[in-house]
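Dear colleague,

I am passing this structure on to you, with some notes below on what came out of going through it. Please have the sequence and the coordinates open as you read.

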Amino acid sequence: MAKPTLQSRSRLAGFATEIGGISLREICDISIISIAKPLHDHALFDQNFIELFNQAPPLAPTSLRLKSPNCRVFQTQIDQWFVIGETNTIQDKFDYVTDQSDGWVALEISGENVILALERICPIDLHTDKFLIGHFARTMMEHMGCIILRTDTQTYQLFSASSSAESFLHAVETSIHNVT
Amino acid sequence: MIIHHPLLGPRDASEFVHLGDATLLSRPDWQADDAIAQFHEYLYQRENPAGEYRELWYHEQGDRSWLIITRNTLTHEISSVELARDVARKGSAS
Amino acid sequence: MTQINRLSGGKINRDKPCTFTFNGKILQGYQGDTLASALLANGINLVGRSFKYHRPRGIFSAGSEEPNALVQLRQAASNEPNTRATVTELYDGLYATSQNHRGPLNFDLMAATDLLSPFLGAGFYYKTFMWPRAFWEKLYEPIIRASAGLGKLSGEEDPDIYDKGFLHCDLLIIGAGPAGLAAARVAAHAGAQVIIADEDFLLGGRLNSERHEIDGIPADQWASETLAQLQEFGNVRILPRTTVLGAFDHGIYSALERKTDHQLHSNGKPRQVLWRIYSKRAILASGATERSIAFPNNDRPGIMLAGAVRSYAKRYGVAAGKQISIFTNNHSGWQIAQDLVDQGVKITAIVDTRDIPPPATFSGVAIMMGTQVVNTTGRKALRSITLSNGHVIQTDCLAVAGGWSPNVHLTCHQRGRPEWRNDIAAFVPSKSRPVGMSVVGAANGDLTLGAAIKSAHQTTNAVLKSIGFQTKRTQPPRAIDEAFAITPFWHVANQKHRAWVDLQNDVTTKDIKLSQTEGFHAVEHLKRYTTLGMATDQGKTSNVLGLAVMAEMLGKPIPETGTTIFRPPYTPVAMGALGGRARDKNYAPIRKTPSHQWASEQNAVFVETGNWLRAQWYPKLGETHWRESVDREVLATRKSVGICDVTTLGKIDIQGTDAAAFLNFIYANPFLKVPVGKVRYGLMLREDGICYDDGTTARLGENHFVMTTTTANAVLVYRRMEFARQCLCPEMDVHLISTTDAWAQYAIAGPNSRALLAKIVDNQDLSNEVFPFMACGEITICNGIPARLFRISFSGELAYELAVPTRYGDSLIRALMAEGQEFDATPYGTEALSVMRIEKGHVVGNEINGTTTALNLGMGGMVSQKKDSIGATLSQREVLINDNVVRLVGLQPVDKSHALQAGAHFLELGSKPTTQNDLGWMTSVAHSPTFGHSIGLGFVKNGHMRHGDIIRAWDGIRGRDIPVKIVSPHMYDPEGAIQRG
């Protein structure tokens, strides 16, 4: 008997909008893994990391952007990093890997006045000379834990728990609405 | 309050959760003859200084580090912030 | 009547007239007016009634210190009571009414209260309304509420929206008067990130209200030019209409920005934004507030602060009266006279309490030195003043210059105590003020312009250097210091008439005398006994005066009498602004499971579990009572197969070479030797030996476990585990990460669960031999979708929990229901889940309630004493393990038609309901469709030895008292044959 087929469904059904020059969209089908550094095998972990990414594990608030494999890496805990993007080829290189892809919802927000919208919910200092392109911070917005990552001059990615995706989207959308 | 996280820099205290006395790191030996008495001391007996106090905070909306913060209970001045894990390791080494 | 008091000039826009309504009268003003200036322009000064005595009151000040001119602004749901007309920016269409009167404002039916004043002195509440007690709620309180008080709330929901936000800066400058602007100039040039905030809509502070020159140009022009320059700097953020409300630890300030209060409509945008400002340093340049003098009948409409009279003339182009007289004890009264004359306002007399040669002369103005105002006349408007030399002067506006009090408020927010300066007769900030805050200008006691600007310039340079900025060597803006000298004079002694100290709370010098006589000398007592300095103005114009009067009565100097300090907020804040967006469904984040949409389609009733929404039951067409649905779900599950979304359980991924050892420490029962591919129930204790949480943990690999926690405790358990990992086991190689949201998880329970599961798993043998009770594994389903399968049972049935990546959760529930049709697969909610767990005797938060031990729960044997684990040692305290402790039992009503009630206490048959006789209590109850009657779980002293006994379930609150039988808590399938089947 034929088995049923399961459909993948993104948390916000690919939401996208543009309000007053600020665009906001869900980044769908994102792949995230966490990798943890073993307590007693620092050297091996670093060596594997350098082999894969050509440099040492980045330290907060700086993230690492790579073309091949196409991914971004940033430190989420003192001994833990998130790899976002092309993760399937690198999973096996590390001992402690956890698939985080489905735990998060990812939004991208961009536009000229993007900071005016973000400052309504983000407690981090986003002055462009302090929070540089490639910087990230794990913090809290509207009582929801989240990660903010600056990917370009006026572009930020926001990650928050997937179960409260709608509340998170509402928070960000309201911020845009309130300042435009 | 602002807590100067040793790895992440200044962060609003609202990202953190407060636990209490840093002596919670010095957990007694469960095999001691008077283990129950020692655990009782460990769990219930606290200094309540008007002045510098070492206490545990957890960066829950951040990097999940447990920190030991030395805070003046009279002024809220924070004179040092350490990773609790580093302190715990030093403790076990000594 | 069209703006009969309007003068020429002023910083109003005569091209933009505004029509507004006050007490039903349609009036005109201009953009740039406040409601107060527009009312005065229209010759209206009677704007309200006083709090206690319902005395007619007029506009007193021209700023946020206003005690009198409180109005109801806007209509219906948008109505905002207690709005200060003096800071309400006029807009076209503004609607306001006066408040605190019955009947028309000029004939208040409550004004008779004034005649009762001998009985309404300080402390009258305490003395009069003490007894009989029953009278308080029925009589006194309604009377007090109706007669005293301020404005009225609409009682409707606030239709406006509010927002919050976060700002960061190197330097926060509070106040954009001369000192603030001078400070901002320096900081802007140095390249610091600067925020300059001012409560006013027109920045410049006193420069807009007084006549000065700075750098050779008129001071108001200097202010606007300086602002224009500041706007060019990318590193300066100017926040007009923004009141800095409070100074908090480590350079954090709160500020309220009024975004649309000056517009008729806010167009769906936030009306106000509450900012949290993070600053490295702050400069307080908040200026000073003028105070009055207490003289007999000094509360009539037309008696105003002198600086306000000047402000109305110069800034707003409004004469506050036709014949203005001035009463002063210092030089600023004379400066004000000069400014008024220059502005074309007619002055009748200057009365100075000081016996010195007149500092100036004005033609046609009577000048009386060493003279006091000893009485006034005019009920609804000032008519005349009587002087101590016997003269009576006809005047419709008396401008009182009692000296200046620096606005030290924010320096006190961390209990800083200002100190007294005799030369200016005022409190100034002391060294004890918030860390990182400097004070400049009038706020620091530099009451003259040149000194204020110079101190701001110098201080800002030093502050910037201290945080690493290079400042250019520039000269401060040039301004001269006006003459200033004061001889303190606080109140006119008079036994006959009342002299007001606090206009807002109707506190007179007599009340202060009474307070002193009755022993309430301390400032804090004075405030509470007389209500001096309470309510919306927080004593901005009255505190120092009240203190000085008390000092005089005590015959002590002011510093020895006390100091008033202040708390946030600096000015009143709407509750809506503090709430921000957090209202209604946006009060807290909502977490939804992957089956949420599907469950909504099934008309599921949802229940909040923490932030989660969970399906509570799934009513079917025709079911009219929740019990019908729940009973059906339970029976269908026990008969065939039921499906429940258990995604909300906390899931923690645990990896590391020491993962097993770590779990062995976290859990009270042994975990070292759990085989790979097996699940074990785990019990967590607190360090004091009380149970904390429970759940199942699966070993997926040698160094890899997946833990589940209860929904409610997921975050807390994770926090405790991080604590154990970092603080107690720092040498263990173990790594934690939450995966709660990453997996959709369904319980599939009932005799046909295996058959249903077999239809979707790929190549997984589900037989008892290969996949027995408590087995687990990483498998695939539906042709390659990764999944985790756990053979665990909360219902007591043959059951599995199946997890897939969240993105497939919606599709999986639909597939399970479709494939389950042949088995009549039934979705069940948290109610049915709860019924089945009670039938089975599984404990939840009702039983693990923060007071119970493993022994109480019937799991004492699980707590291993052969290893170190959290709570193991203290769980063996004598008090927790003696023979008398309560034990978990099952309970059934003797009469099966009785319904049990949670919360009932147990007693022996025939014994009285006393604490001593208490045997325990009922924790959980349910109607069991399986057994056909009510069942319960509860704790009974030595209950494990008493199965079969009959006791009473006594519920004194609900008046129930029924006999119940003690049974095993494991009522359904006590041997566990079904779940192992």
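How many residue pairs are in polar contact between domain 1 of chain A and domain 2 of chain A? The count is 2 residue pairs, both at pLDDT 80 or more, and please keep in mind throughout that this is a predicted model. Between domain 1 of chain A and domain 2 of chain A the count of salt bridges is 0.

As for the parts themselves, domain 1 of chain A is made up of 16-29 + 103-179, while domain 2 of chain A covers 32-99. The centres of domain 1 of chain A and domain 2 of chain A, taken over C-alpha atoms, are separated by 24 Å. To the contact, domain 1 of chain A contributes 9 residues and domain 2 of chain A contributes 11 residues.

About 890 Å² is buried between domain 1 of chain A and domain 2 of chain A, and carbon and sulfur atoms give 71% of that area. On the side of domain 1 of chain A that touches domain 2 of chain A, β9 (136-141) and β10 (144-152) of chain A each supply at least two residues, and β10(A) gives the most, with 3 residues. The residues of that side of domain 1 of chain A comprise 5 nonpolar, 3 polar and 1 charged.

Turning to chain C, an unreviewed UniProt entry places the feature "domain: FAD/NAD(P)-binding" at residues 170-413 of chain C. That span of chain C is 19% helix and 35% strand, and its end C-alpha atoms lie 20 Å apart.

With best wishes

Conventions
Residues are numbered from 1 along each chain as its sequence is written. Chains are lettered from A and ligands numbered from 1 in the order in which they are written. This is a predicted model: local features need pLDDT of at least 70, side-chain atom pairs count only at pLDDT 80 or more; totals for chains, interfaces and linings use all residues. Side-chain values use heavy atoms; hydrogens and water are left out. Domain bounds come from an automatic or database domain assignment. Contact means heavy atoms within 4.5 Å. Buried area is the accessible area (1.4 Å probe) that two parts lose on being put together, summed over both. A salt bridge is a side-chain nitrogen of Lys or Arg within 4 Å of a carboxyl oxygen of Asp or Glu. A polar contact is a pair of N or O atoms within 3.5 Å; within protein, one must be able to donate a hydrogen and the other to accept it, and residues adjacent in sequence count only if both atoms are side-chain atoms. Helices (H or I, at least four residues) and strands (E, at least two) are DSSP runs, numbered from the N terminus. Ala, Val, Leu, Ile, Met, Phe, Trp, Tyr, Cys and Pro count as nonpolar, Asp, Glu, Lys and Arg as charged, and the others, Gly among them, as polar. UniProt positions are given in the numbering used here, feature names are shortened, and annotations may be inferred rather than shown by experiment.
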